[in-house]
Amino acid sequence: LEAPVATGDNVVNDVVLTPSGDAGFVSYTGAGGGVVRFEEDGTPTQFSDAVGDNTRLSSSFRFNCLYAPSTDDDLLRFLFTGDLVVEGNSTITDPFDSTVSTDGRFLYISSTTGNSIRTFDIGDNVLLDTVLDTSIENPTKMTHTGNRLFVAHGDSDTVSVYSTSAANPVPVLVATQQVGDNPFGISYCQPTAICQQ
């Protein structure tokens with residue numbers, strides 16, 4: 001299996017685990033960027049290089065799909081987790097990151113150049129709407145908590161909070177919070193989980 005992860009110009013970009021934790025999917029950047037499936041023992045078992053050069057990952061195991069936005073070709077690809085074959089795609093301007101809603105029904109995609117967040121209906125494969133907030137630039141990483149979407153805005157030193165629901169999945173801005181310099185990552189810990197830094 002030839003999977004040039006973290007070698008030469010290729011750098012690990014994102015990691016997504018299966019719900020059971022018995023496998024993980026790793027995307028990497030660089031020429032011909034790809035996605036590799038690793039089993040629990042670290043063995044790579046599947047590889048796909050048809051995902052663009054700068055790819056991040058989100059997963060919806062409700063549909064056994066990985067969602068791979070790639071900034072180099074304006075595509076959001078859908079990959080089947082079983083064999084990493086691209087099952088379809090949607091055109092989105094400069095998609096940077098994506099996160100699946102906790103109920104597995106919607107995908108949120110950020111675009112740093114368009115300063116927008118797109119809402120994608122996973123079941124119907126349809127883009128629903130665009131959230132534009134030009135006062136908060138550079139939406140990068142996101143996480144969904146059930147009724148809130150948290151978005152880190154890298155160059156704006158801000159985290160924004162949006163409300164969402166199954167009935168109204170398109171995010172509505174409810175709060176912003178100034179944070180330290182250039183917040184890039186963001187994570188949510190379930191209340192029943194133990195979080196450590």
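# Burial, pairs and strands: why the labels hold

Colleague: Why does I136 count as buried?
Modeller: Its relative accessibility is 8%. Buried means under 20% relative accessible area, exposed over 50%, and partly exposed in between, with a 1.4 Å probe and protein chains only. The value falls under the cut-off, so I136 is buried.

Colleague: What are the ground rules?
Modeller: This is a predicted model, in which local features need pLDDT of at least 70 and side-chain atom pairs count only at pLDDT 80 or more, while totals for chains, interfaces and linings use all residues. Residues are numbered from 1 along each chain as its sequence is written, and side-chain values use heavy atoms, with hydrogens and water left out.

Colleague: Where does I136 sit, and which residues does I136 touch?
Modeller: I136 lies in the loop between β12 (126–132) and β13 (139–144). Leaving aside residues up to four places away in sequence, I136 touches N115, H153, S156, T158, S160, L173 and T176. Contact means heavy atoms within 4.5 Å. The C-alpha atoms of I136 and S160 are 8.2 Å apart, across 24 residues of sequence.

Colleague: How many helices and strands does the protein chain have?
Modeller: The count is 0 helices and 16 strands. Both are DSSP runs numbered from the N terminus: helices are H or I of at least four residues, strands E of at least two. Of the 197 residues, 46% count as buried.

Colleague: What makes the approach of S110 to T140 a polar contact?
Modeller: A polar atom of the S110 side chain lies 2.8 Å from the backbone oxygen of T140. A polar contact is a pair of N or O atoms within 3.5 Å; within protein, one must be able to donate a hydrogen and the other to accept it, and residues adjacent in sequence count only if both atoms are side-chain atoms. The distance is within that limit.

Colleague: What makes a set of residues a nonpolar core?
Modeller: The members are buried Ala, Val, Leu, Ile, Met, Phe, Trp, Tyr and Cys residues, joined through side-chain atoms within 4.5 Å. The largest one here has 10 residues, among them C65, I92, V100 and F120. Strands β6 (65–70), β7 (75–80) and β10 each give two or more residues to this core. Another core, of 9 residues, lies apart from it and includes F25, V35, L66 and L84.

Colleague: Why are Y28 and F47 called stacked?
Modeller: The search of the whole structure finds 3 aromatic pairs. The ring centres of Y28 and F47 are 6.4 Å apart and the planes lie at 5°, so this pair is stacked. Rings of Phe, Tyr and Trp (its six-membered ring) pair if their centres lie within 6.5 Å; planes under 30 degrees apart are stacked, over 60 edge-to-face, and the rest tilted. Y28 in strand β2 (residues 23–29) and F47 in strand β4 (residues 44–48) are 19 residues apart.

Colleague: What makes β11 and β12 a pair?
Modeller: Two strands pair if DSSP finds at least two bridges between them. Antiparallel strands β11 (residues 116–121) and β12 are joined by 6 bridges. F120 stands opposite L127 in β12. Their hairpin has 4 residues between the strands, and N125 takes a positive phi near 55°.

Colleague: Why are β1 and β4 called edge strands?
Modeller: The open sheet runs β1-β2-β3-β4, with antiparallel pairing. β1 (11–17) and β4 each pair on one side only. Neighbouring strands are turned by 20° on average, direction ignored. The axes are lines fitted to C-alpha atoms, for helices over the stretch in contact, with angles from 0 to 180 degrees between N-to-C directions. β1 and β2 share 6 bridges, and D14 has S27 in β2 as bridge partner.
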